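Here are my notes on the chain you sent. Please read them with the structure open.

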Amino acid sequence: MSVAKCVVAKRGIAPKLFWKIVPNPSYHLFGMHIIPGMQSTIHHLPEDTSQSSLLSLVYQLNLDPDIDGILVQLPLPSYLEEKIVCNAVAPEKDVDGFHITNIG
């Protein structure tokens, strides 16, 4: 049984994953396959997204009870601080496990 099906069986709803994408010519979009039974939202941010705008979005998603996981597509453009953004994601919603608490 898939992870998504286990969550649906236990909670009665499909898990919801949120992807944040900030355009960067050096990144490759990988692993973006639809997972059966999982809701997935991809949010393409403008190329000139500011650090504060990105962090504001992360904080909103952290507080959204309908979002089970947050993934920040890395690498971010060089003007954004990856460590700050990754550590802004709530550890329990950190899909990649890059939050300082999850790395160990």
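1. Of the chain's 104 residues, 36% count as buried (under 20% relative accessible area with a 1.4 Å probe, protein chains only; exposed is over 50%, partly exposed in between). The model is predicted: local features need pLDDT of at least 70, side-chain atom pairs count only at pLDDT 80 or more, and totals for chains, interfaces and linings use all residues. Residues are numbered from 1 along each chain as its sequence is written, and side-chain values use heavy atoms, leaving out hydrogens and water.

2. Check the confidence. The mean pLDDT (the predictor's confidence in each residue, from 0 to 100) is 77 for the chain, and 66% of the residues score at least 70.

3. The chain has 4 helices and 3 strands. These are DSSP runs numbered from the N terminus: helices are H or I, at least four residues; strands are E, at least two. Their order is α-β-β-α-β-α-α.

4. The largest nonpolar core has 14 residues; Leu54, Leu61, Ile70, Val72, Leu76, Val85 and Val89 touch the most other members. Such a core is a set of buried Ala, Val, Leu, Ile, Met, Phe, Trp, Tyr and Cys residues joined through side-chain atoms within 4.5 Å. At least two residues each come from α2 (51-63), β3 (69-72) and α3. The most come from α2, with 5.

5. Look at Asp96, in the loop between α3 and α4 (100-103). Asp96 counts as partly exposed because its relative accessibility is 36%. Beyond its neighbours within four places in sequence, Asp96 contacts Leu71 and Val72 (contact means heavy atoms within 4.5 Å).
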